[in-house]
Amino acid sequence: MRIIIEIIRDHIRYRKQILKLAKSDLVKTYKGAALGWSWSVLKPAVTIGIYYFAFAVGLRRNAPIAGYPFFLYLLCGLVPWFYMSAMFTGGAKVIRKYGYLVTKVRFPVSVIPTFASLSQLATNIFITILMLIVFLIYGQRPDIYWLQIPFYMALSFFFFTSWSLFAGLVSVVSKDFMHLVESVVMFLFWTAGIFYDVSGIKNITLRKIMMFNPVSIIVNGYRDALINKMWFWERMDWLRNYVILLGLMLILAMWAYKKLIKTIPDML
Amino acid sequence: MDERPIAIQLKNVSKTYALFTSERQRAKTILLGRKPAVIQRATNNFSLTIYNGESVAFFGPNGAGKSTLLKMITGVAYPTEGSIRVNGRVSALLELQAGFDGEMTGRENIFFRGEILGVPQKEIKALEKEIIDFSELGQYIDQPVRTYSSGMKARLGFAINASVKPDILIVDEALSVGDSRFSAKCQKKINEVLGNGATFLFVTHSVQQAKAFCKRGVVMHRGTVLFDGPVEDAAAFYQKMIGKK
């Protein structure tokens, strides 16, 4: 409990710095490249293009899903994934990356994942808006269900920021953890139902397990908002899984924080 | 002299570093909470009181615990035992990197550093020119810090840290890279900072610099205080000590 208060207090005290640091993290990512900011769109666009080619052209899986063009269905899965994928590996590296904030100046460690995550989220908000524009181009009309997008984005943000605090701390102690994360990410990506509907898996046990994938939860949320036209309270099973996962992640983050906060500066 | 308010008080501070024979052992020990195999003591039952406005030089051979001590006072390392009380805003130049972000330019780092230290944007803006002039970086100020030499980094680091009006200014070895003219400039700056009522802590291997910058000297060896007194006496003690070996 003391730790939670300490972390919240640090966040309140450093709220201005969090925004400034998020901004400088963002600026730094695209600075020094001739194409600069365009990369924030080009990189995801290339990835989307590759998967679209592989599935629509290669595997000829271009049939509309639930009456929606496969391309839109794919976008709903990949666009939130870009943030999550950046957070899985980038989030685990963040305290190493900002090591000088730990060892050279007095700065609250718990704040580092937060501003790095905000910086990623800002990029993601931008491409999410582009995704919605694509929906409009395809002739979709915005409706009240679209308002759920910020909600699912917030769920994603809270979960992955907690993850980043936990993973960022642990990976300072153990490089093996870093490698483990990198290999698990691929697994989570392909089992998340980015290319298919997890709710449609026939084997009940398998489906129930797959619904505990945080990526599936968020991707499904995006599809509910944009394609299935369902409210989040109509999806209590997904929401329950999210709450369980977030709780678990918070406990892990607190555990890592308590255990490592005083030894981390000696190891960076 | 004990009438002055206390700036820093260390009581029975011990700091140990656990050493591991392998990465695997390290991860296991820290995450599962086992006892480490080898423990290295950096400071041992160390007590010291520093008053407001004092300038203190720390002497000692490599591994005496000087840097560890300054890190603990800055708040970027934690004591294993004992307590540390620090009153006021600490501005520290620890080793050469000085907490710069290598990808950002010198100018951006001035503002970045200010934000981290919690100095209002306006104040930094007012200090910007003074810092750039002092650091003598000229046009380099708009180049990424990763391209700087160690001397350039030290100059900029010192200029920022001394200019943000700290209550406690800490400099660890960083000034040994400057030439004698720059050293004289630093001395002026330090006197200015001290004139504002700040406290100055300094680690160096150069006895001359220590004498020029500080009034009090502390000689450390294996994590304890061997001598504490006027800087001339401390310097003489230190030179005798390393001369003997």
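Residues are numbered from 1 along each chain as its sequence is written, and chains are lettered from A and ligands numbered from 1 in the order of writing. Because the model is predicted, local features need pLDDT of at least 70 and side-chain atom pairs count only at pLDDT 80 or more, while totals for chains, interfaces and linings use all residues.

Chain B contains 8 helices and 9 strands, where helices (H or I, at least four residues) and strands (E, at least two) are DSSP runs numbered from the N terminus. The C-alpha trace of chain B spans about 50 × 45 × 35 Å along its principal axes. Of the 245 residues in chain B, 41% are buried. A residue is buried if 20 or more other C-beta atoms lie within 10 Å of its own, exposed if 12 or fewer, and partly exposed in between, with C-beta atoms placed from the backbone. Among the contacts in chain B with a separation of 6 or more, 70% are between residues 24 or more positions apart. Two residues are in contact if their C-beta atoms, placed from the backbone, lie within 7 Å.

The largest nonpolar core has 121 residues, and B:I170 and B:F202 have the most contacts inside it. A nonpolar core is a set of buried Ala, Val, Leu, Ile, Met, Phe, Trp, Tyr and Cys residues joined through C-beta atoms within 7 Å. Leaving aside residues up to four places away in sequence, B:I170 touches B:L70, B:I73, B:T74, B:V90, B:A92, B:L93 and B:L201. Another core, of 5 residues, lies apart from the largest one and includes B:F100, B:M104, B:F112 and B:V145.

Strand β8 (residues 216–221) of chain B is mostly covered, with 5 of its 6 residues buried. Two strands pair if DSSP finds at least two bridges between them. Strand β3 (residues 55–59) of chain B pairs with β8(B) in the parallel sense over 4 bridges, and B:F59 has B:V219 as its bridge partner in β8(B). Strand β9 (residues 224–230) of chain B runs antiparallel to β8(B) and is joined to it by 6 bridges; here B:V219 stands opposite B:F227. The hairpin formed by β8(B) and β9(B) has 2 residues between the strands, and B:R222 in the turn has a positive phi of about 45°.

Most residues other than glycine have a negative phi. Positive values occur elsewhere in chain B. B:N12, which is not a glycine, has a phi of about 45° and is placed in strand β1 (residues 6–19) of chain B. B:N12 counts as partly exposed because it has 13 C-beta neighbours inside 10 Å. For B:E136, phi is near 55°, and this residue is found in the loop between α4 (121–135) and α5 (150–163) of chain B. B:E136 is also partly exposed, as it has 17 C-beta neighbours inside 10 Å.

In chain A, helix α11 (residues 236–260) has 25 residues and reaches 36 Å from its first C-alpha to its last, close to the expected 36 Å; the expected span is 1.5 Å times one less than the number of residues. Its buried residues are A:W238, A:Y242, A:M249, A:A253, A:A256 and A:L260. The elements that cover them include α7 (148–173), α10 (214–228) and α12 (264–267) of chain A, together with α1 (23–32) of chain B. Helix α10(A) is itself mostly covered, with 13 of its 15 residues buried. A:K229 follows α10(A) and has a positive phi near 55°.

The contact between the chains takes 20 residues from chain A and 21 residues from chain B. On the side of chain A, α2 (15–30), α5 (99–103), α8 (175–190) and α12 each supply at least two residues, and α2(A) gives the most, with 4 residues. By class, this side has 7 nonpolar, 5 polar and 8 charged residues. Ala, Val, Leu, Ile, Met, Phe, Trp, Tyr, Cys and Pro count as nonpolar, Asp, Glu, Lys and Arg as charged, and the others, Gly among them, as polar.
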